[in-house]
Structures are given as structure tokens and as C-alpha cells.
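I begin with the chain as a whole and then turn to particular places.

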Amino acid sequence: RDRTVTVHSFCYGVCFMFEKLKATEEKFEDISNRLTDPEVIGDNGLYAKLMKEYKSLSPIVEKYREYCSYVKTEQEAQEMLDESGADRELKDLARAELDEARENITSVSEELKILLIPKDPNDDRNVIVEIRGGAGGDEASLFANSLFRMYSMYAEARGWKIDVLNANPTELGGFKEISFSIEGEGAYSRLKYESGVHRVQRVPETESQGRIHTSTVTVAVLPEADDVELEINPTELKIDVFRASGAGGQHINKTESAVRITHLPTGLVVECQDERSQHKNKDKAMKILRSRLYDMLEQERNDKIASDRRSQVGTGSRSERIRTYNFPEGRLTDHRIGLTIYRLEYLLNGNIDEVIDALATADQAAKLSAQGDE
């Protein structure tokens, strides 16, 4: 009986998948036709929206059509084998085609399962990254700078644009905190796994006894929100201006160009003082505030879907310790997936694709497993 239930569940899952694929193909064809409609072409907003959806569906439809071609080949080869009048040479050829088609069907089916995993709607967004020194004082601030350098080098290698929004430097060359935006295709899809507590273990330069200190730095990766997506009521904002200051607290600007914005309903506070213009600092502060509010709404939405929450490697608690950088051993360990790499200096030079790829693969596998349980 248990085996019968398993078989029925499997057949139901396969049928559901191909019903979904057929519906996706029909939707793709509909969008394709609408994109040639003069009225749609004349509506820039609608055309851009449909084109984005068209591009997102293209790989699924192409792979589904490839699958269908292999199924057709399999059927034709099977018919050839079933023909009583076919000669031996033709049957051998048909048998070879049948075996190859079945292998392709199996591999393409697995690819389709992955393509059908619901895509994170934020994956194509730009991001705002906030790095803050945690436990460890100056050592934590210095490592905050190391992480900023790592992400900057990673972004540069991918051709992404970086813009520092706010920075609070220390006299030793670290950062108590630094916020910066990264603009580039797929920025959130790659960097979303970096949110959490990063722990560093090393001997500080100021430590005469050579003892290893443990410090922590928190990283938050926020999807950047557009103005039209999140409307903020100006009456709910308290805006203060003050003189910008540099490392150690000394004033670096004689005019009140720095801006502090408090969002009264949530209590969120954002400061920006990097620009000499009060107007530019306000714009940057609003950019950060909008993304924090959007992220807050996303977190609330995800919290309501507990099963999805468990299957997403990259959306854990901001207070979760996700990674350790051990300098004496030259080791990076990501605790979420048990990954350890003994090339720390190489990774800190922005070569973190190996880590991100492993996290993305684990996330994908967890989502596939969750789909199978449903």
C-alpha cells in the first residue's frame, strides 16, 4: 500500500509539473504576441514589464521544448522497435536512439525542476550593504574595512558600480559602520547570502603577547527599493541636520550638511554625512531608509511562510553567526553549509564566487526538497 501511495504521489507530481510547463508555454506565447501589439509598444511601462517577464520565461520554455523533442524521438524510436517488418539494422539504430532519448529526458527533467523553483522576486535588484563593527572594538572596525574591501573587489570584478552612502571611519583605518550601494545585474541574487554575523579570529597588531582575539562584524544586504514601490509619508519623518565629523570626532565640515532621518512609525534612524551637500546627503539617507523599510516588509512576509523560510539559506536572522575567518589557519568556514576553504587571503581579495556558488546550490537543493514534500 505504501508503495502504491508513493507511485501515485510521483505520478501526480510529474503531471502537475508538466501542466505547469504547458501553462508557462501558453503564457510565453501570449506575451510574445502582445509584444508586437502597437498599443503595448507605445506604452513604455507595460512593454518593459512584459519584456522582463518574457526574458524570465524564455529559458523554461526553451528547455520544455527541448524535452518535448526528446519525448517525440523516444516515441518514434519505440514505434520503430515495435514494427514487426523492420530489419535488424534499423532496429539497432532505433534502440540506440531510444536509449539516448531516455537519457536526455532524464537529465532535462532535472533541469526543468530547477528552472521551476520559484524565483526570488528581489534577485534582479541592486543592493544596499550595511557593515557594522560588533564585539571587539578596534579589531572589529578594522575587519569591517576588510569586508568592505572584499565586497568592493568582488563587485569590481563583476563590473558592478559601488557608491558609498555613509561611513563612520576610525583613526586606525577601520569603520564603525559603512553603508554602500551596489548596482549591477543579479547583485541581490549573489550577495543575499552575506547577511548575518561574520566572526574573525586573528592576532591584532596591537597585541604584544600574540594572543588570538575573536571579533564580530554584522552584514546586512538589503534589496534596493524603488520610489514607486514604497511611498513614504513626509509627515512621518523627522529630519535633523548637523555638522559632519571624521575619524575621532573632529569636524570636517563647517556647514550643517550631514542629515539624520528618523522614520517615526518604526523608529528607524538613518544618517548620511559623506557628501558636502545637504541635499545629496538627504537623497542618500532616503535611499537607505526606503531599502530598510522594504526589507522589513519582506522579512515580515517571509516570517509568515515558515516552510519557505526554512528552505532559504540566504534569509536567516541578522543575528545568526554565518561565517568564521580564521587568520592563523588561513581558513574560512561557512557554518550554514559546513563549507571550509583554506585560502583565506585569496577569498578576502574578492574571490568569493566559490563560497556564493556553494550557498546558492545548497539553497536550491533545500527548495527542491521542500517542493518534493509538498
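I took a residue as buried when its relative accessible area is under 20%. By that cut-off, 40% of the 374 residues of the chain count as buried. I note at the outset that this is a predicted model.

Entry on the overall make-up. I looked up the secondary structure and found 10 helices and 11 strands in the chain.

In what order do the strands of the open sheet of 8 strands stand? I read the order as E2-E3-E1-E5-E4-E9-E10-E11, and the pairing is mixed. Strand E2 (161-169) and strand E11 (339-341) each have a single partner strand and stand at the edges, so one side of each is left without a neighbour in the sheet. Direction ignored, neighbouring strands of this sheet are turned by 15 degrees against each other on average.

Entry on strand pairs. I reminded myself that strands of a sheet pair through backbone hydrogen bonds, either parallel or antiparallel.

Entry on aromatic rings. I found 6 aromatic pairs in the structure. Why does the pair of Phe28 and Tyr54 count as stacked? The ring centres of Phe28 and Tyr54 are 4.6 Å apart and their planes are at 15 degrees, which is under the 30 degrees used as the limit, so the pair is stacked. Phe28 is in helix H1 (residues 2-34) and Tyr54 in helix H3 (residues 44-82), 26 residues apart, and the pair thus links distant parts of the chain. I also compared their accessibility: Phe28 is buried, with a relative accessible area of 8%, whereas Tyr54 is partly exposed, at 25%.

I noted one aromatic cluster, formed by Phe143, Tyr325 and Phe327. Phe327 also has Arg202 over the face of its ring, at 4.8 Å from the ring centre.

Entry on helix H4. I looked up the span of H4 (residues 88-115), which has 28 residues, and found that it reaches 40 Å from its first C-alpha to its last, close to the 40 Å expected at 1.5 Å a residue. The buried residues that I listed in H4 are Ala94, Leu98, Ala101, Ile105, Val108, Ser109 and Leu112.

Entry on Gln78. Leaving aside neighbours within four places in sequence, I found Gln78 in contact with Leu98 and Arg102, and Leu98 is one of the buried residues of H4. I also looked up Gln78 and Arg95, which are 17 residues apart in sequence and 7.8 Å apart in space, C-alpha to C-alpha.

Terms used:
Residues numbered from 1 in each chain as written. Predicted model: local features only at pLDDT ≥ 70, side-chain atom pairs only at ≥ 80, totals over all residues. Heavy atoms only, no water. Phe/Tyr/Trp six-rings, centres within 6.5 Å; stacked < 30°, edge-to-face > 60°. Helix = DSSP H or I, 4+ residues; strand = E, 2+ residues; numbered from the N terminus. Buried < 20%, exposed > 50% of the residue type's maximum accessible area, 1.4 Å probe, protein only. Lys NZ or Arg CZ within 6 Å of the ring centre and 35° of its normal. Pairing = 2+ DSSP bridges. Axes fitted to C-alpha atoms, helices over the stretch in contact; angles between N-to-C directions. Contact = heavy atoms within 4.5 Å. Expected span 1.5 Å × (residues − 1).
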